[in-house]
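Reader: I have a protein model on my screen and some questions about its fold. Can we go through them one at a time?

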Amino acid sequence: MKISYNWLQEFIGDIKSVTEIGQMLTGCGLEVEDISTYHSIPGGLQGIVIGEVLSAEPHPNADKLKVCKVNIGLAEPKQIVCGAPNVAAGQKVLVATVGAMVHPTTGEPFEIKKAKIRGELSEGMICAEDELSLGESHEGILVLPATYEVGKPAATYFETYTDQILEIGLTANRGDAASHYGVARDLKALGLNLNLSAVPELNLTTETPITVEILPESGGLRYSGLLLKNVSIAASPNWLQHKLKAIGINPINNIVDITNYMLHTWGQPLHAFDAGAIADGKVIVRKAIEGEKFTTLDKVERTLKGFECVIADAQKPLALAGLFGGLHSGIQENTKDIFLESAWFDAATVRKAAKAHNLHTDAGFRFERGTDPNSTIPVLMRAAALIIEIAGGTIASDCIDNYPNPEPHRELWFNPKKNNALIGKEIPEETLMQILAGLDISITQKTNDEWCLSIPPYRVDVTRQADVTEEILRIYGLNQIEMGHEIKSAMTFSESEKSRDIKERMSNWLCNQGFHEIATNSLTKISYYAEGQLEQSVKLLNPLSQDLEVMRLDFRFSMLEAIQYNNNRKNQDLRFFEVGKTYHRLGPAENLSSYEERKHLVMALYGKKHPESWNQPKSEFTFFSMKGMLERLLKNIGLANLQFTSDPDERFEQAFQIMVKKQIIGTFGTLNKKDCKLFDIDKPLWYADLNLDIILKFAAEYKFKLKPVPVFPAVRRDLSLELAKEISYLQLEKIALKAAPNLLKEVNAFDVYVGDKIAEGKKSYALSFILQDEEKTLTDQEIDAVMKKLIENFEKEVGAILRG
């Protein structure tokens, strides 16, 4: 949320700098994430001055350039090389001095430096209007009126608006602070004075040409309105446009801009209808009819679900309450009479409609979090007065106010002693009362131990004593709470020590291999999953956004997002892993036993194996890179004798399964190109997904045993085989281990060749075999017998031919 410092000063004055205000707000829970400068003219024309061209002589080395002497109010004129065709002596011009940042209409800002252009010194730049974002023309330099004074800053003659913008990370429970007034209220609680202008008194009539009806269970809680006639639709004055632009709002016209201005000033959304579009002069707040068609201002026809609250007339819907106006009832260029709405809607109804129709508006943002029911009339009056001031017109009705069930102040019993015990510090009662008064919380009754508090309706998040304590603590200041000398903790349940140790050992090993551990959100986009998968998904009933609608079914997309994020920032050689859970629904949603959590360890290899170096050849991660990593990782926790198979898996281009005791414990391979393309990943991404539940079970059963280093030597033999291209290394490894399970300790492929030196459709594998008997030295005859058996099995099972 963006808050304008200039705007805020209208409430609190200028006794504090923007930095001090930022610190105060962060200290009280409205975290200021950034403070930036806004200029209505980019750069604010800083370093740009008025100059006078004294002479403009042809450049000796360039036909289209001129060497100018320019007076900018200093003791000596500056020499500037200029390429504009219209530059001439006697002109008043805009000069960007050395060191100034120039902000063109198109392109990136750049700094003016002293330079030589075709051999001639240039100490500045004579500017065209598009080079300073003053217009679009680049036909020549901007020639100024002769009355402009040389040496004066350009900002003296060109209207510039400068502001400081505080970016606040507003938490979901603080809808009351979603405006400049709301932020100022917190600053008042921190001790600053709050300046409020009086609500204007308007000349209301006794007529009610428009009637308002709120139907039961519609979601409408209070509806106020005014009819104004003979307004003039036009552009807003500059001061209003500047304020809106500073916080990122594009001006539209004076009426719409005033409603936006009031929303961001007071936190109360308003809506202006073209009064001529309201049939029979009736405004009805009702539930939508299921299947009802409604076209919103964005020209999208929406089919209503039946639970939305709509503002309608006697014939048709006019607006989605609290969210969006209708295309045919909004303010048009020829609108003369307007009906101005100021209402209070049920937060849950607005939120449900917003999610259903994917509508995220400034008004909805506030209604979803809860607005102040007592602000509808005062803000309506302020808006009407401003409309009359800016757009003209007259008020043509009484103030309409339909408020069936007025919202009372909430009563809450508060115990100061419990409050201090929870905070951990004795705060004097006088200080507590002062803080509560600053928060507009009044004390209506006192007993020996408790106070009865009256909570204003706009504080929808304060419903219990702990909430009051939180409010007191954020105003009192967390920094004022001293750290105690003791640490108190409660025993909590945790998984077995052995499982935790195994996971820690795996994580440490991966870190030692150059992997970075990442932590991603367990909530993700529903669009990532196919329709069939969604039947097993755990969906949120009230997601905060489209990006956080469903709990993840696997880690694949989280990993792809992380790779993309780093790839876009030129971190292109990556080793990532993550330990976490996936979430699945195996039965009816209402049955709690239908839900299941599964533990995973996922790994990703992307890019080059090693940093670029003069003494190291460039090589990217391969099948053997991932397979080797997995074998060593699992061996580190006691899982040996792994078996590998290759069965299709839609997540991978080619998938390989890892098995222990005939049970699949994980899958790895390159992620399919379709998914990678969605994330702009154009190189192979090796990905492994390990089932930690099974791995921890097997690893927990394993008992480490020490054994001496073998006394008898190992022997290596190599074979070069020619075979069909479709034969995989895993098939060869499986055949070899089956042929000599007791003596064969290791198989490795150290070369693969495909080319014109072997037959088409064939490839060559160079394999090494490590043989060892732990009880005696192998004889040549025993070694030859094993190798002969290997060759026979390769020939028989995969048609391999021994190469010379």
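Reader: In which sense do strand β17 and strand β20 pair, parallel or antiparallel?
Author: This is a predicted model. Strands of a sheet pair through backbone hydrogen bonds, either parallel or antiparallel. Here β17 covers residues 282-287 and β20 covers residues 309-312. They are joined over 4 bridges, and the sense is antiparallel.

Reader: Which residue in β20 is the bridge partner of R286?
Author: β17 runs over residues 282-287 and pairs with β20, residues 309-312. The bridge partner of R286 in β20 is V310.

Reader: Why is helix α3 described as largely enclosed by the rest of the structure?
Author: Helix α3 spans residues 180-189. Among its buried residues are H180, Y181, R185 and D186.

Reader: Is S4 buried or exposed?
Author: S4 sits in strand β1, residues 2-4. Buried means under 20% relative accessible area. S4 has 0%, so it is buried.

Reader: What share of the contacts with a separation of 6 or more comes from residues 24 or more positions apart?
Author: The protein has 19 helices and 42 strands. Buried residues make up 48% of its 804 residues. For contacts with a separation of 6 or more, the share from residues 24 or more positions apart is 70%.

Reader: What is the radius of gyration of the protein?
Author: The C-alpha trace spans about 115 × 90 × 65 Å along its principal axes. The globule rule gives 28 Å for 804 residues. The radius of gyration is well over that, so the protein is more spread out than a compact globule: 37 Å.

Reader: How far apart are the mean positions of the positive and negative charges?
Author: The protein has 89 positive and 108 negative charges. Their mean positions are apart by 7 Å.

Methods
Residues numbered from 1 in each chain as written. Predicted model: local features only at pLDDT ≥ 70, side-chain atom pairs only at ≥ 80, totals over all residues. Heavy atoms only, no water. Helix = DSSP H or I, 4+ residues; strand = E, 2+ residues; numbered from the N terminus. Rg over C-alpha atoms; globule rule 2.2 N^0.38 Å. Buried < 20%, exposed > 50% of the residue type's maximum accessible area, 1.4 Å probe, protein only. Contact = heavy atoms within 4.5 Å. Lys, Arg positive; Asp, Glu negative; His and termini not counted. Charge placed at Lys NZ, Arg CZ, Asp CG, Glu CD. Pairing = 2+ DSSP bridges.
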